[in-house]
Amino acid sequence: QLQASGGGLVQAGGSLRLSCAYSGRAFNLRPMGWFRQAPGKEREFVTAIWWNTRSGRTTYYADFVEGRFTISRDNAKKTVYLQMNSLKPEDTAVYYCAAGTPFYNAQDLGRVREYESWGQGTQVTVSS
């Protein structure tokens, strides 16, 4: 149900834009997240985007992002994006997009278990 694309090889300081197309139902009701997994490491949270009844569209980023990445979504296209700028060699990993359920707990969106569907992953390699 999720198809990620946009990965590749880039030099340090460069940019990449990842896309993830969702083919299931109720996309606009689901939180969407990006995770990454480097060789020999556990899958880690990168960012998530969801709808908050008070603040509207809401995003949350892991500390290591440091303002370099931006998550966005186009509900009409059922697609979520991850714009990555100022890439570092330590950003090298397989990046996975994930879709949560409509009955999510926003406080848990940094956890792998909060997501029910996962894309196949796209490799991002940043050379020094």
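A charge sits over a ring if NZ of Lys or CZ of Arg is within 6 Å of the ring centre and within 35 degrees of the ring normal.

**View 1. Arginines over tyrosine rings.** Arg-17 lies over the face of Tyr-81, 4.0 Å from the ring centre. Arg-43 is placed over the face of Tyr-96, at 3.7 Å from the ring centre. The model is predicted: local features need pLDDT of at least 70, side-chain atom pairs count only at pLDDT 80 or more, and totals for chains, interfaces and linings use all residues. Residues are numbered from 1 along each chain as its sequence is written, and side-chain values use heavy atoms, with hydrogens and water left out.

**View 2. The pair Phe-35 and Tyr-115.** Six aromatic pairs are found in a search of the whole structure; rings of Phe, Tyr and Trp (its six-membered ring) pair if their centres lie within 6.5 Å, and planes under 30 degrees apart count as stacked, over 60 as edge-to-face and the rest as tilted. One of them joins Phe-35 and Tyr-115 edge-to-face, with 5.2 Å centre to centre and 80° between the planes. Because Phe-35 lies in strand S4 (residues 32-37) and Tyr-115 in strand S10 (residues 115-118), this pair ties together parts 80 residues apart in sequence. Strands (E, at least two residues) are DSSP runs, numbered from the N terminus.

**View 3. The pair Tyr-115 and Trp-118.** Tyr-115 also forms an edge-to-face pair with Trp-118, at 6.0 Å centre to centre and 65° between the planes. Tyr-115 counts as buried at 6% relative accessibility, whereas Trp-118, at 25%, counts as partly exposed. Buried means under 20% relative accessible area, exposed over 50%, and partly exposed in between (1.4 Å probe, protein chains only).

**View 4. The aromatic cluster.** Phe-35, Phe-45, Tyr-60, Tyr-115 and Trp-118 form one aromatic cluster. Within this view, Phe-35 and Tyr-115 are both buried.

Notes:
Helices (H or I, at least four residues) and strands (E, at least two) are DSSP runs, numbered from the N terminus.
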